[in-house]
Every structure is written in C-alpha cells, then in structure tokens.
Number of protein chains: 2
Amino acid sequence: MANAIPEALQRLINNFSALPGVGEKTATRYALYTLRSNENFALEFSKSLKELHEKIKLCSVCMTYSQDDPCPICSNIQRDSSVLCVVEDPSDLLAIEDANTFKGLYHVLHGAISLMDKITPENLKLNELERRLDSGSVKEVIIATSSTRAGETTAHYIFDILKDKGVKITRIGYGIPMGMDIKYADRATLSKSLGARQEFQL
Amino acid sequence: MANAIPEALQRLINNFSALPGVGEKTATRYALYTLRSNENFALEFSKSLKELHEKIKLCSVCMTYSQDDPCPICSNIQRDSSVLCVVEDPSDLLAIEDANTFKGLYHVLHGAISLMDKITPENLKLNELERRLDSGSVKEVIIATSSTRAGETTAHYIFDILKDKGVKITRIGYGIPMGMDIKYADRATLSKSLGARQEFQL
C-alpha cells in the first residue's frame, strides 16, 4: 500500500480530507474522479482556488465576503439601511437572503462567543457593529444568532453593549419550524415556542 | 440571492459541485470553509490540482496511475510477474493492495464493458493486456472485475479473448463477505456463494 498511491495524488487526497466531514475514503474518491476527468476540470478548479482569497475580501461596512467594497447588498439603495440584521457567519446571511423576505442590511460577526473554542468578543466584528450605530441612521438591530449556547451568549452580549444606544433591539423568532410535526420537536424548542406565543390572528 | 454570493466564490462552489455525490449545499460548505481557512490551504490545494495531470500518467505496463514509468509495483522485482490480476479501475488496485495479500502484478482496464454507458471493449486497455501475454512469462490471469452486470460482461469477454493463449484463467471468489450475517445477504450473493462451495478444511 505504502507506494501504491502516487505522491501527487496523495497530496490532493490530503487536501480533500481537510474539508469538513470528508474522510480518507471520500477524499480518495474525489481525487480519483478529478484524475479520471478531463485535465481542464482540475485546471479550472485550481484557478478558482488560487483566485479565491485574491478576489474575495470582507465588505468594510457589513463584514461579509465580497468582491466589491462595499458589497452589493450594502450598496443597494433600494434596501432599508435603518434595519441591521446581525448574523454569525456569511452562510447565515446567504440563508436569509435565500428566503427573500428581509430588505434591510446585515452585519456579520464572523463567529460567536465561546470560551470553550477560545472565541472572545474581541475576535468578533463587534467594534465595527458599534461604529455603524454612531451615524444615527440605524433604528433597529435584529439579533439573528443561532439558538446554540454560543449564539445565546453572543445575543446577550450584543444586547448589553447596544442597550443604551437608543436603537430598538429585537431577536428573530425561535420555535417550531414550519412543516414540523409538534410531536417530533425537542423539549427546548417546545418550551421556547410556548414562551414565544402570540395572539391568534386570522 | 442573485448577487449575494460573490462570483469567485460561486465558481469554486460549482467546481466542488461537480465532484461525485456533492450537492449545492455541501459544495457551498466546502467553499466557505476554504475561504475561512488560511490562504495557504487554498494555495496548496490549487497547486495539487494544477500538478495532478502533469505528474501522474498511466504506467505503460499495467496502465495504473503512476508518477514513475513503470510504476513502483511493476518495477518491484520481489513481486511475482507470472500472475496478473485484472481490475476495472485504479481504485480496485488500491483496495487489493490495501488488503496486503496479493504479491503478483496488475492490469487496469479503466472501465467495464457496458452498452448502456457506451463503453465497448475498444475503450478498455484490452490490447495492452493481450500484448503482455505475448512474452510468455505470465502463467495465470486472475479476473477481478466487479460482480455487476458490466463486470460480468467484461469477465466473460476477457475469458473469450484469452482462453487460447495457454494461460490459466481464474476469477476471484464471490460470496458472503467476512463478518456478514447470512440472513442479511441478498439472494444473488447467497446463490453465488452456494455454487462456489468448497470442501471443508480444518
């Protein structure tokens, strides 16, 4: 086995293995697929990886990944700049954009406070968030962190630093997901959902 | 959503999506992980992909992927060159090498005959296999194709073209996998395994 895999192939297998959730077997499958495919596939793929960090930077306003600065969302004058939705990661922003319902702007923290993972408030884009409120144009901050321990900690921390800034602070609703049968919901979600009950509206 | 994903990121997502079994969501996860990681990760990954086809060619003897020609297996004088194990793909060769029990040489066909997938005998490395038998040093050819319809068709085809060459032609054993409970085996495997019964040995 030792020398059955050529070194150049083994290196690519190692690269694929570093991706989240990819084990040795899957990485080998990806690498052999790439080798079996037309060379252009590998070359295009190589080019995308080479240019990734070159081309994509953080938007200096909302801190999401972008090729332009400010990003297309921040520079879209049709969006409501009085509402900021604070998310942990660029992927959360993409998920909310995908739902196609939010018309305000975003602020990306790049993580959540977690002592276990050694992520402190200083590691997040919180100074940048505070500075955005100085202009006075922001009227509401929607905290859309995850309903995990780190997300909760981060939400409370943000509330603390913003509560005297004269902006409305809200949180997205947590509860039973749409389409989910109540009997399959876990206890934490059920009690959150009962606590978040609202008056019935037709 | 349309412009929420920067173009350079979208291109990388498309590259990852082309890998077997990778959907849009997984590809996005891989791409964001790469973007979040140190730039060196993307650059090393890019380099591996760029060099893949440059460095790896087919061994001119056994047709497997190799950086050297002949490959380390074919040029290993400790191996028994009188036995050839014929496999469909380089990954089959790796699996057999991994079992660390076979000491002969290989021949890689790069596919199996399948009219549905438009793979005919001409697409496989069959001429190269016949030519290897001309030297007269090969005494046995072990056919180790998969137990799929394409693998069976290929096995029969090889038997036909080699049967008058004066070499022993064998097939690997098919049956119940080691550690498998008989009640979970499918009918085809069970009948194959009964047909392949051997005298009991202590």
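Residues are numbered from 1 along each chain as its sequence is written, while chains are lettered from A and ligands numbered from 1 in the order in which they are written. Because the model is predicted, local features need pLDDT of at least 70 and side-chain atom pairs count only at pLDDT 80 or more, whereas totals for chains, interfaces and linings use all residues.

Chain A is assigned domain 1 (7-54) and domain 2 (65-171); such bounds come from an automatic or database domain assignment. Taken over C-alpha atoms, the centres of domain 1 of chain A and domain 2 of chain A are separated by 34 Å.

Chain A contains an open sheet of four strands in the order S4-S3-S5-S6, with parallel pairing. Helices (H or I, at least four residues) and strands (E, at least two) are DSSP runs numbered from the N terminus, and two strands pair if DSSP finds at least two bridges between them. Strand S4 (104-108) and strand S6 (168-171) of chain A stand at the edges with a single partner strand each, so one side of each lacks a neighbour in the sheet. From one strand to the next, the twist averages 25°. Strand S3 (residues 80-87) of chain A pairs with strand S5 (residues 140-143) of chain A over four bridges in the parallel sense, and Cys85(A) stands opposite Ile142(A) in S5(A).

In chain B, an open sheet of four strands has the order S4-S3-S5-S6, again with parallel pairing. Its edges are strand S4 (104-108) and strand S6 (168-171) of chain B; each has a single partner strand, so one side of each is left without a neighbour in the sheet. Four bridges join the parallel strands S3 (residues 80-87) and S5 (residues 140-143) of chain B, and Val86(B) has Ile143(B) in S5(B) as its bridge partner. Helix H4 (residues 90-99) of chain B packs on this sheet, touching S3 and S4 of chain B, and its direction makes about 125° with that of S3(B).

The contact between the chains takes 47 residues from chain A and 47 residues from chain B, where residues are in contact if their C-beta atoms, placed from the backbone, lie within 7 Å. On the side of chain A that touches chain B, the largest share, 14 residues, comes from H3(A). That side divides into 27 nonpolar, 10 polar and 10 charged residues; Ala, Val, Leu, Ile, Met, Phe, Trp, Tyr, Cys and Pro count as nonpolar, Asp, Glu, Lys and Arg as charged, and the others, Gly among them, as polar.

H3(A) and helix H3 (residues 39-55) of chain B pack at an angle of about 160°, with their axes 8 Å apart. Axes are lines fitted to C-alpha atoms, for helices over the stretch in contact, and angles run from 0 to 180 degrees between N-to-C directions. H3(A) and H3(B) are therefore roughly antiparallel; angles under 35 degrees count as roughly parallel, over 145 as roughly antiparallel, 65 to 115 as roughly perpendicular and the rest as oblique. Residues of H3(A) including Leu43(A), Phe45(A) and Leu49(A) meet residues of H3(B) including Leu43(B), Phe45(B) and Leu49(B). By class, the contact of H3(A) with H3(B) has 10 nonpolar, four polar and four charged residues.

How values were computed. Two residues are in contact if their C-beta atoms, placed from the backbone, lie within 7 Å.
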